[in-house]
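Below are some notes on a few local features, written for a colleague who will go through the coordinates. Please read them next to the structure.

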Amino acid sequence: MNTFPGSASDEVIHWLMVEGPRQASPAALLHGYSRKLREAGIEVDRSTLGAPILHPIAQSSFVFWDVAGGPQQRWFTYTPDQMEILKASPIHKIYTHGEASSLRLDRPEHRSLYPIGEDLWAEGYTQYEALPLQFSDDTYKVLTLATKAAGGFNEQDTALVAATLPALTLVFEGFIARNTAKTLMETYVGKRAGLRVLDGEIARGDGSHIDAVIWFSDLRGFTGIAQSRSEDALLMLLNDYFGQLTDAIEEHSGEVLKFIGDAMLAIFPYQSDVGDAVARAEAAALTVTRTNDAAHDIAFGIGLHPGTVFYGNIGGGNRLDFTVIGSSVNMASRVEGLCSTLDETVLATRDFVEYSSLSWRSLGNHQLKGVVEPVEVFSPVVQD
């Protein structure tokens, strides 16, 4: 029984404005919106929301819903082949010109206009609507609706949907803005740091002390490498190199905090205790030493050391950096600096290896810059 004091479109709009922003994701928004349309008497059997967004590995977020399977969120990188598929779809007209498309799939001349028409007809759909959602920056995003109803959508259905589009656009734009901010934070300062910044830790000095294994790595002979390669070749080498390290670190629940030229600073926060963090850090280090692409003819060093660090904002004026500072960071950096001298790829301190389950060999005590007492360093005994 409909208890909302207004028209069917008013009820859908009311849900969008009150409940829409509270949904957990664009997928949940599309699910709720599609269900509300069905409650209003529109036989929506399939729907999508699409938006090209800023993302380092994906250029589009695509939310799919159908009445049987519910919502799914997908990410796409536009390869040349995928771009050709996009250009041959009604969605491309919306992204580029804001032009809607209406396909009566029971009419051969309609379903032959786009490849998706024949595909949907084969699945039993009778009508497909691709509708533009115009954002405040005058870009267009996409809502699509499809039905299997024998007569397709009627005039009352399309009028109701049209009445709800401004509210849907407003709520969807809010999701995209939040997702873009989250993606930018995660991309440029890391996932954990990004979430903390978005949660309000934006003042200079905001942060806390955490226990973590510090990872510091650096390429050897970078000046010579840079002089022997073109800029394009150098960028490709650095991206491949950093890509291998980043993948290994993130696969073992570490977080890359910054790239400093050809160097990298990362942390493995304790999840249960120091032993857990040590195990994850050494697993990541061994992964990259085993998978390093010899074709690049490059060498690098990794320094590992556990300790307590300040994890938060430092900087001056309006320019801040979310990072870690402390003597443990300095220790990891200085230990890594010995990798070239000792011709080792991975070096760790006694504080690290005493919690390790691997075999390590001592390379003796060494005086490190800025460290009062000599420091004993170890290299892993790698088993074949």
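1. The model is predicted. Every remark below should be read as a remark on that predicted model.

2. Helix α10 covers residues 231-251 and helix α11 covers residues 274-291. The two pack with their axes 8 Å apart, at an angle of about 145°. The crossing of α10 over α11 is right-handed.

3. Which residues form the contact of α10 with α11? From α10 come Q244, L245, A248 and I249; from α11 come A284, T287, V288 and T291. By residue class the contact has five nonpolar members, three polar ones and no charged ones.

4. S9 sits in helix α1, which spans residues 8-18. Is S9 buried or exposed? Its relative accessibility is 15%, and since buried means under 20%, S9 counts as buried.

5. The surroundings of S9 can be described in two parts. Its side chain makes a polar contact with the side chain of S7, at 3.1 Å. Beyond the neighbours within four places in sequence, S9 is in contact with L160, A163 and T164.

6. Most residues other than glycine have a negative phi. S253, which is not glycine, has a positive phi, near 60°. S253 belongs to the loop that links α10 to β8 (255-260). With a relative accessible area of 29%, S253 is partly exposed, because that class lies between the 20% limit for buried and the 50% limit for exposed.

7. D343 is another non-glycine residue with a positive phi, here near 55°. Where is D343 found? D343 lies in the loop between α12 (327-342) and β12 (346-349). The relative accessible area of D343 is 60%, so D343 is classed as exposed, the cut-off being over 50%.

8. Which strand is joined to β12? Two bridges connect β12 with β14 (residues 375-380), and the two strands run antiparallel. Within this pairing, A348 stands opposite F378 of β14.

Conventions. Residues are numbered from 1 along each chain as its sequence is written. This is a predicted model: local features need pLDDT of at least 70, side-chain atom pairs count only at pLDDT 80 or more; totals for chains, interfaces and linings use all residues. Side-chain values use heavy atoms; hydrogens and water are left out. Axes are lines fitted to C-alpha atoms, for helices over the stretch in contact, and angles run from 0 to 180 degrees between N-to-C directions. Helices (H or I, at least four residues) and strands (E, at least two) are DSSP runs, numbered from the N terminus. A crossing is left-handed if the near helix is turned anticlockwise from the far one by less than a right angle, and right-handed if clockwise. Contact means heavy atoms within 4.5 Å. Ala, Val, Leu, Ile, Met, Phe, Trp, Tyr, Cys and Pro count as nonpolar, Asp, Glu, Lys and Arg as charged, and the others, Gly among them, as polar. Buried means under 20% relative accessible area, exposed over 50%, partly exposed in between (1.4 Å probe, protein chains only). A polar contact is a pair of N or O atoms within 3.5 Å; within protein, one must be able to donate a hydrogen and the other to accept it, and residues adjacent in sequence count only if both atoms are side-chain atoms. Two strands pair if DSSP finds at least two bridges between them.
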